[in-house]
Amino acid sequence: MNLNNLLTRAARSFPDRVAVAHGAASYCTYGELAHRAAGLAGSMQRLGLAIDDRIGLFMTNCPQYLEVFHGVLHAGMATLPINSKLHEKELAYILDDADAHAVFVTPDLAEKAAAAIDEVGSAVRMFVVGEGEYSDLLSGEPVPIVHRAPDDLAWLFYTSGTTGQPKGAMLSHRNLWDGTLNYFVDIDRVPANGSAIHAAPMSHGSGFYGLPHLPAGAKQVVPESGGFDPAEIYALIEAHSEVSMFAAPTMVKRLVEHDSCGDTSNLRTITYGGGPMYVADCKRALERLGPKLVQIYGQGESPMTITVLPREDHMATDHPRYEQRLASVGYAQSVVEVRVADADDNDVPAGEVGEILVRGDVVMKGYWDRPEVSAEALRGGWLHTGDMGAFDEDGYLTLKDRSKDLIISGGSNIYPREIEEVLLRHPAVSECAVVGRPHEEWGEEVIAFVAPVEGETIDTAELDKLCLDNIARFKRPKDYRITPALPKNNYGKIVKRELRIWLESEDHG
Ligand code: AMP
């Protein structure tokens, strides 16, 4: 069940449909994409690359990404997509850890990749896409698709490392196939004239959401800038039909805050997730874009497939628990079982917080080359996500931050997200993050980092009042730090670890 059958079947049935667009223009048809993938697979085999070899994709979003991705799968090798914003040292770490055999890079990243390969010191072949040798590889003699068993490795997915060293989550052909089919069940039904814009990195969720567009014979659109530019995205929405995209909550916020949003009638669905979407931001997005939002909660270890908050719940403003549901991540997706458990893996009742555990055919096989950590993460057959959360009586799950971010003050658990939700209601607050600082008497005390909306100043007395009016006194920040922006990792996620280090250095200096 090689996942690439999704492409070869589509190419047989609709060879002339556009498979990939670059900006507003067509880049290649299904027939061309499948032919190039089979040609690239043949060339890689002839170069001595073998089944199961890990092949890196260190590329800025570009149409060639899809040629390489499918070529590697076609050849029965494992794709190793790597975030293009990573530092040379991080890239070297991943190439070494995954024992990569080759890496395809875009010209803008060639220098960085060459330096990383030097650092690794092992023989990793580098191919620069779009240049001379690359077109020879694509036009190699096509080979038949290599058969793969359901549990064979298809995508080695390095976690973002917010909680330690990145680890490679081993995603099999079955994992990705099930996740693809589940998109139709829980997220959206892709029409034949659908267009998926890769507004977010293709090495991550956006690339994963390209897959359901294959069986539908729909189109994937790569922005010409290769990055995220709200004006360009609005232009692409106008240029294509039945548009969907995956976006991090911060991207949705930037889209909504953009001066002019043009005509969004071609926009079908924005699926957001990967980090918290605050209720105030979500409401603003709904006002601006209409009934087009779906939320997912997932992690590399169960990609995009833990829970879903469907479109209808975003629109059910009359529901008595509307706001509560918007603040939740929805209910379990159809392909997984989800539980909330205590430290001994026993279920906790609705309303109580515990660790979120997941089981199903989309859950990774384990971490690459880390048998002990894998056994620990998958103990009892359940993926231990490291995320804390609580179910309500209706099976809607609310995330309560990662266990590491929990603040314990005077013996009480304080979930930063709850305080952040309140602070973000203030119109002058653009971003915020709440962390714990060690305190002799209380164990920890609450500190809020707040970034103002451009041109606004923040009055901390007003923030304090907002907290007093909305949450228990003991959860109120004891201190505020106003900062122009919060530190983020290459995936746009706020890195609270850095904020804690910042506080520590204040104490010592
Ligand atoms: P990654 O494996 O890099 O995709 O990071 C996954 C982590 O992002 C999860 O374990 C959660 O902590 C967080 N996350 C994912 N989706 C959501 C969501 N919808 N709301 C809040 N946090 C999320």
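This is a predicted model: local features need pLDDT of at least 70, side-chain atom pairs count only at pLDDT 80 or more; totals for chains, interfaces and linings use all residues.

Let me start with the second largest pocket, and with who lines it. The lining splits into eleven nonpolar residues, five polar ones and nine charged ones. In volume, we're talking about 600 Å³ of space. There are 25 lining residues, and the ones closest to the pocket centre are Glu323, Gln324, Ala327, Thr398 and Glu421.

Which elements give two or more residues to that lining? You've got helix 11 (279-289), helix 13 (322-326) and helix 15 (416-423), plus strand 18 (383-391) and strand 19 (397-402). Helix 15 gives the most, with four residues.

Okay, now step back to the domains. The assignment for the protein chain gives domain 1, running 5-332, and domain 2, running 407-508. And where does the second largest pocket lie relative to those two? Domain 1 and domain 2 both give residues to the lining, so the pocket lies between them.

What about the contact itself? Going by C-alpha atoms, the centres of domain 1 and domain 2 are 33 Å apart. Domain 1 puts 19 residues into the contact, and domain 2 puts in eleven residues. The two domains bury about 1,400 Å² between them, with carbon and sulfur atoms giving 47% of that area.

How many salt bridges are there between domain 1 and domain 2? The count there is zero. The structure as a whole holds 31 salt bridges, though.

Let me show you one of them, Arg370 with Asp97, where the closest N and O atoms are 3.2 Å apart. Arg370 sits in the loop between strand 17 (354-360) and helix 14 (371-377), while Asp97 is in helix 4 (residues 88-97), so this pair ties together parts that are 273 residues apart in sequence.

That's it from me, happy to take questions.

Note on methods:
Residues are numbered from 1 along each chain as its sequence is written. Side-chain values use heavy atoms; hydrogens and water are left out. On a 1 Å grid over the protein atoms alone, a cavity is a set of points where a 1.4 Å probe fits but cannot get out, and a pocket is an open set with protein on both sides within 12 Å along at least five of seven lines; lining residues have an atom within 4 Å of a point. Grid points are joined across faces, edges and corners, and a volume is the space filled by probe spheres set on the points. Ala, Val, Leu, Ile, Met, Phe, Trp, Tyr, Cys and Pro count as nonpolar, Asp, Glu, Lys and Arg as charged, and the others, Gly among them, as polar. Domain bounds come from an automatic or database domain assignment. Contact means heavy atoms within 4.5 Å. Buried area is the accessible area (1.4 Å probe) that two parts lose on being put together, summed over both. A salt bridge is a side-chain nitrogen of Lys or Arg within 4 Å of a carboxyl oxygen of Asp or Glu.
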